[in-house]
Amino acid sequence: MNLEQNVELSTELGKGWNQEWLMEKILPKNQTTMGYGDEDSYKTFTALNIAFQVNNGLQEIAMTNQTGVLYLCLENHSGFNERVKAIHKRYPSASNLKISREPFDILDTEDVYDLTQYCMNNDIGFVVIDTLSRAIHSGDESSASVGRDIRNAFTIINANEITVLCIHHTGKNGSNGARGSSIITYDIPSRFVVKKLKGNKGYIKIVKTKSDNEHKKIPFVVEACDESLNIIWNQESKSKLSNQILEIVTGSEYKVTDLKQDLQQHYQEIKLDSFSKKINREIEKLVQEGIIEQIQMDKVKFIRRTK
């Protein structure tokens, strides 16, 4: 410790004291975030999508800074190729993601240094470890000493300007958060939980953050794509009628009365007056979600897509 040279005045603190984000208020830059959830809660699907968002500078979740990404797929190799093909189909112009299934031991100092050196040599600023349990080759993740070693490994990686997303499992009592030593979970500066809901819906919830985003939920729906699934962010599952409206309406004005006539043929069992009210309710929902807007000209109502 050299305090004579390394003490700064409170009014002269440099940029290194500022909170920076890889993904605004979700992934703190050059720090570690833990994403955890129950089994089959779409943890890998969300992690893979986040990796693509960062690798390509996409802005679907939040303001995102682009950097190279390395995805460590340490489990469930079978079927992973189908997941990658599905996400490339959703983002056909996306840059390739670097993926490794090479065993990685976070408790092995040599492995940690090799990972860090590879990232530095290949312009990689973001690493996804999927999952933490498969990165622990020996020792008990509930042990305080193992927890300290994991924390130290993250510190080494982060110190070399590499942001980490670590995917983990919930414990036996899901309400208590992620599995393992509290040193692993509570010393990590950022955490979110992935929750699967009924049907094809889910969300990630920010559990810990150095921002005003704590407890915020970011919803998603899951869509089938060939032999796998894709995550679609910031959307709630829509009704059949809403989807039909969105298939017809574009960025140009569309007369509401024409829309009702176009769709009535699919709902002939519903009385015309009841169907008109049903369409009005669906339009109101889509307007509230900011997906369409309603315009009135000369007492005639029109709608058009906003996104």
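Me: In which hand does α4 pass α5, right-handed or left-handed?

Reply: Two packed helices are described by the angle between their axes and the distance between the axes. In this predicted model, α4 passes α5 in a right-handed crossing; a crossing is right-handed if the near helix is turned clockwise from the far one by less than a right angle, and left-handed if anticlockwise. Helices here are DSSP runs of H or I with at least four residues, strands are runs of E with at least two, and both are numbered from the N terminus.

Me: At roughly what angle do the axes of helix α4 and helix α5 cross?

Reply: The axes of α4 (residues 109-121) and α5 (residues 144-159) cross at roughly 20° and come within 10 Å. That makes α4 roughly parallel to α5, a term for angles under 35 degrees.

Me: Which residues in α4 meet α5?

Reply: Val 112, Tyr 113, Leu 115 and Thr 116 in α4 meet Ala 153, Ile 156 and Ile 157 in α5, where contact means heavy atoms within 4.5 Å. By class, this contact has 6 nonpolar residues, 1 polar residue and no charged ones.

Me: How many helices and strands does the protein chain have?

Reply: The protein chain has 9 helices and 14 strands. Of its 307 residues, 45% are buried (under 20% relative accessible area, with a 1.4 Å probe and protein chains only).

Me: What conventions apply to the numbering and the values?

Reply: Residues are numbered from 1 along each chain as its sequence is written. Local features need pLDDT of at least 70, side-chain atom pairs count only at pLDDT 80 or more, totals for chains, interfaces and linings use all residues, and side-chain values use heavy atoms, leaving out hydrogens and water.

Note on methods
Axes fitted to C-alpha atoms, helices over the stretch in contact; angles between N-to-C directions. Parallel < 35°, antiparallel > 145°, perpendicular 65-115°, else oblique. Nonpolar A, V, L, I, M, F, W, Y, C, P; charged D, E, K, R; others polar. Buried < 20%, exposed > 50% of the residue type's maximum accessible area, 1.4 Å probe, protein only.
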